[in-house]
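Dear colleague,

Please find below the structure that I am handing over to you. My notes on what was found in it follow directly after.

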Amino acid sequence: GMDLGWLGDQLRSFAGPNQSVLSVHDRDLVFLARVPDEAGLIGQKPPTQVQALSAFANKGVIEAIGADGRTRIGAILSMTLGRDAPEKPDLSVAFGLSRDAAFAEINTATMRTIALLVLSLALAVLAAWYGGRRFIRRPIEQLLAAAARWREGDYGARVDLPERSSELGRLATAFEEMAG
């Protein structure tokens with residue numbers, strides 16, 4: 001006694017995001033409404049493998065292939081409208097969201113995190129390279145250049161390190177004191 005077109009119109013406002021499906025089935029699993037109904041399934045039973053999903057009603061989230069052949073993540077809720085608990089529920093409502101749509105935000109966040117990690121790694125490598133050149137390689141090259149000049153007899157050569165409290169600065173001071 002219900003206008004199925006009216007029911008479908010009512011469900012459109014609850015359909016959810018793009019690539020989602022909301023359907024209502026009777027106790028024989030015949031489609032009473034489906035949004036969107038691009039497959040023209042109203043009044044028909046779903047394929048056998050989809051009918052088997054009714055065993056997962058009221059059991060939480062499932063991943064399954066729907067009547068249109070698309071893999072979705074969703075849930076099925078079954079309801080009994082009368083007082084007696086019949087063998088089969090009176091109505092079943094199923095909602096599914098395509099796997100791609102369900103994980104789109106997670107995939108975007110994952111890619112953003114990977115990009116930030118790569119950028120962080122690149123900055124860390126750049127900082128290590130710069131720090132190594134400035135605080136280790138350059139002072140050692142200055143120490144070696146001064147030692148070479150001392151070996152040639154130029155005892156007036158000095159190591160020009162701005163930081164004398166570091167290990168290399170103290171080593172430069174000790175060399176200069178040795179050169180006299």
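This is a predicted model: local features need pLDDT of at least 70, side-chain atom pairs count only at pLDDT 80 or more; totals for chains, interfaces and linings use all residues.

I begin with S98, which is in contact with Q19, T71 and R72, leaving aside its neighbours within four places in sequence; contact means heavy atoms within 4.5 Å. S98 lies in strand 5. Helices (H or I, at least four residues) and strands (E, at least two) are DSSP runs, numbered from the N terminus. With a relative accessible area of 8%, S98 is buried; buried means under 20% relative accessible area, exposed over 50%, and partly exposed in between (1.4 Å probe, protein chains only).

Residues are numbered from 1 along each chain as its sequence is written, and side-chain values use heavy atoms, with hydrogens and water left out.

Strand 1 (residues 20-26) is mostly covered, with six of its seven residues buried. Strand 1 pairs with strand 5 in the antiparallel sense over seven bridges, where two strands pair if DSSP finds at least two bridges between them. Within this pairing, F95 in strand 5 is the bridge partner of L22.

Strand 1 also pairs with strand 2 in the antiparallel sense, over four bridges. Here F31 in strand 2 is the bridge partner of H25.

R34 belongs to strand 2. Which class does R34 fall into, buried or exposed? At 5% relative accessibility, R34 counts as buried. Not counting residues up to four places away in sequence, R34 touches V21, L22, S23, L41, I42, D68 and R72. A polar atom of the R34 side chain lies 2.8 Å from the backbone oxygen of P36. That pair is a polar contact, meaning N or O atoms within 3.5 Å; within protein, one must be able to donate a hydrogen and the other to accept it, and residues adjacent in sequence count only if both atoms are side-chain atoms.

Backbone geometry

Most residues other than glycine have a negative phi, and most peptide bonds are trans. The following places depart from that pattern.

- The peptide bond from V35 to P36 is cis, with omega near -5 degrees. P36 sits in the loop between strand 2 and helix 2.
- L29 is not a glycine, yet has a positive phi of about 70 degrees. L29 is located in the loop between strand 1 and strand 2, and is buried with a relative accessible area of 18%.
- N58, a residue other than glycine, has a positive phi near 60 degrees. N58 is found in the loop between helix 2 and strand 3, and counts as partly exposed at 47% relative accessibility.

Cavity and pocket

Both terms rest on a 1 Å grid over the protein atoms alone: a cavity is a set of points where a 1.4 Å probe fits but cannot get out, and a pocket is an open set with protein on both sides within 12 Å along at least five of seven lines; lining residues have an atom within 4 Å of a point. Grid points are joined across faces, edges and corners, and a volume is the space filled by probe spheres set on the points.

The structure holds one cavity of 30 Å³ or more. The largest cavity has a volume of about 380 Å³. Its lining comprises 26 residues, of which S23, V50, L53, I76 and A94 lie nearest its centre. Elements that each supply at least two residues of this lining include strand 1, strand 2, helix 2 (48-51) and strand 5 (91-98). The largest share, five residues, comes from strand 4. By class, the cavity lining has 15 nonpolar, eight polar and three charged residues; Ala, Val, Leu, Ile, Met, Phe, Trp, Tyr, Cys and Pro count as nonpolar, Asp, Glu, Lys and Arg as charged, and the others, Gly among them, as polar.

The largest pocket contains about 240 Å³ of space. Among the residues lining the pocket are R134, F135, R138, D160, E163 and L168. Helix 3 (99-151) and helix 4 (167-179) each supply at least two residues of the pocket lining, and helix 3 gives the largest share, five residues. The pocket lining divides into five nonpolar, three polar and four charged residues.

Yours sincerely
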